[in-house]
Protein chains: 2
Amino acid sequence: MRDFVSDHRWLSLNTATVRKQGDLAAIIDACARHGIRAIDPWREQVAAMGLDRAARAMRDAGLDLSGYCRGGLFASDVARRGEVRDDNRRCIDEAKALGAPCIVLVAGGLPQYSRPGSAVSKDVAAARAQVDEGIAEMLDYARQANMPLAIEPLHPAYAADRACVNTTSQALDICDRLDPQRTGALGVALDVYHIWWDPQLMSQIDRAGKDRLLAFHVCDWLMPTRDILNDRGMMGDGVIDIKRLRAAVEAVGFAGYCEIEIFSNDWWAKPMDEVLRTCIERHKTVV
Amino acid sequence: MRDFVSDHRWLSLNTATVRKQGDLAAIIDACARHGIRAIDPWREQVAAMGLDRAARAMRDAGLDLSGYCRGGLFASDVARRGEVRDDNRRCIDEAKALGAPCIVLVAGGLPQYSRPGSAVSKDVAAARAQVDEGIAEMLDYARQANMPLAIEPLHPAYAADRACVNTTSQALDICDRLDPQRTGALGVALDVYHIWWDPQLMSQIDRAGKDRLLAFHVCDWLMPTRDILNDRGMMGDGVIDIKRLRAAVEAVGFAGYCEIEIFSNDWWAKPMDEVLRTCIERHKTVV
């Protein structure tokens, strides 16, 4: 297991963690101040800055990327499939321009939440079939661009509205169907928040292996959780044994960034420098 | 699939659904008024009324039971194992006195939440091992009393505080380990709220089969869910395809009560008769 105590060279900041405190330019500056050498930016932040300007700013700051957030949201009315496909192709083009190592895919839940305006459905199995088809289609384009796709299983609490891919096993089943040769074009992004509860987790991390483990995200599950989306915890403040999970992914060869992604009304209300100082301290002590 | 349109003979009321509106005596009276012929009472409601008086009142009202809530909460400090064991034995004695067909087991989460005062732990695997041992021990006593135990997998959102048994597959694995002969002494209680999201659900219902399916509970998953414990929905108000899940359990032979269990600050604020009228109407139309 890598030493995280001495420095924070393997810390990456998912920019959603401080998205209320400043724009992407401000976040890039803050990373320089705190010696953070990688980020995972969100599309809307990049769009607000302008793709070329964002790419140049990251390059000038010497920032690595640990991913690009996010593609997906595949479930939709059939009539809107073209829109979904084009949106995801643009995402790949942007990720390429930014030099991202992979795109994080959030599958989408039921169509009315995944792509608002779509017809109301309670058929989660149908949504899952659409996700399969959507990833297959996106993968063709992604392979041409040499841009890996990382399916992120989300906690079952988000099955309806955000992602109907809810376990590591389910995500790996998709990988096996669409990339049986394990070419590296398709894998998973594992966030401890979404997966810590899973009784099959350790065996599925083994199953994923180094070549399917494209990203590893950390935060914490607070007790109580007051808001199902925006009350995620700073590492160490909740119930997740984060070190044990990091040990598990590193045991199968994961050697990438440990990306901090915290959606939290509490942390969004604090100054950016305080949040980053706390992230670095916790990265060294509890991650 | 049974006809639920014509009458509500297969409706059972989990008494937590109206626990804020009245005590057990008032609930029993209300069931008589509404032609509800089965309930699943909670231990604290029975204790408040007195076990003998509660048993007599249910008998006098001609009420069937669809279960008894609840045993379990197995994770605890080692020093408290005796307390847990004795508590669960008393639960079996009560269920027997009431004529319940099974006890619903909520496994308990991490020990500090399962049995408050226990040492703080983040080891969910250890909690699961304790649950296995606890059920094994309880099962010996339950077999002697001829009282089936129904393990209820709870939604992964409750893994820390309420139950570290979070999927049907996991619950059935426990059944297979502790009752490989499928004697009927151990099975599962499936609540649509906890299991609807599970990509393995249909295959696990098949795996359970009639002899492991001891109870079936309904409510709905609301969008948005504003409170992770007490914002469950009335059937039809959320995103769960309840009819499809009932069809699945009935396809493998489940022929018992369809038990309505709704933890909801909203529904607790309405008059008991209004809640029961709505339950009956939704039972006929969307369950």
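**Close-up views of the predicted model**

**View 1. Packing of helices α4 and α6 in chain B of the predicted model.** Helix α4 (residues 81–98) of chain B packs against helix α6 (residues 124–145) of chain B at an angle of about 30°, and their axes are 10 Å apart. Angles under 35 degrees count as roughly parallel, and α4(B) and α6(B) are therefore roughly parallel to each other. Their crossing is right-handed. On α4(B), the contact is made by B:V84, B:R85, B:N88, B:R89, B:I92 and B:K96; on α6(B), by B:G134, B:E137, B:M138, B:Y141, B:A142 and B:A145. By type, the residues of this contact are six nonpolar, two polar and four charged.

**View 2. The open sheet of chain A.** Nine strands with parallel pairing are arranged in the order β3-β2-β1-β9-β8-β7-β6-β5-β4. The edges are β3 (64–65) and β4 (68–72) of chain A; each has a single partner strand, so one side of each has no neighbour in the sheet.

**View 3. Strands β5 and β6 of chain A, with helix α4.** Strand β5 (residues 103–106) of chain A pairs with strand β6 (residues 149–151) of chain A in the parallel sense, over three bridges. A:V104 has A:A150 as its bridge partner in β6(A). Helix α4 (residues 81–98) of chain A lies across β3, β4 and β5 of chain A and runs at about 160° to β4(A).

**View 4. Relation of chains A and B.**

Key
Residues are numbered from 1 along each chain as its sequence is written. Chains are lettered from A and ligands numbered from 1 in the order in which they are written. This is a predicted model: local features need pLDDT of at least 70, side-chain atom pairs count only at pLDDT 80 or more; totals for chains, interfaces and linings use all residues. Copies are superposed by least squares on the C-alpha atoms of residues with pLDDT of at least 70 in both. Axes are lines fitted to C-alpha atoms, for helices over the stretch in contact, and angles run from 0 to 180 degrees between N-to-C directions. Helices (H or I, at least four residues) and strands (E, at least two) are DSSP runs, numbered from the N terminus. Angles under 35 degrees count as roughly parallel, over 145 as roughly antiparallel, 65 to 115 as roughly perpendicular and the rest as oblique. A crossing is left-handed if the near helix is turned anticlockwise from the far one by less than a right angle, and right-handed if clockwise. Two residues are in contact if their C-beta atoms, placed from the backbone, lie within 7 Å. Ala, Val, Leu, Ile, Met, Phe, Trp, Tyr, Cys and Pro count as nonpolar, Asp, Glu, Lys and Arg as charged, and the others, Gly among them, as polar. Two strands pair if DSSP finds at least two bridges between them.
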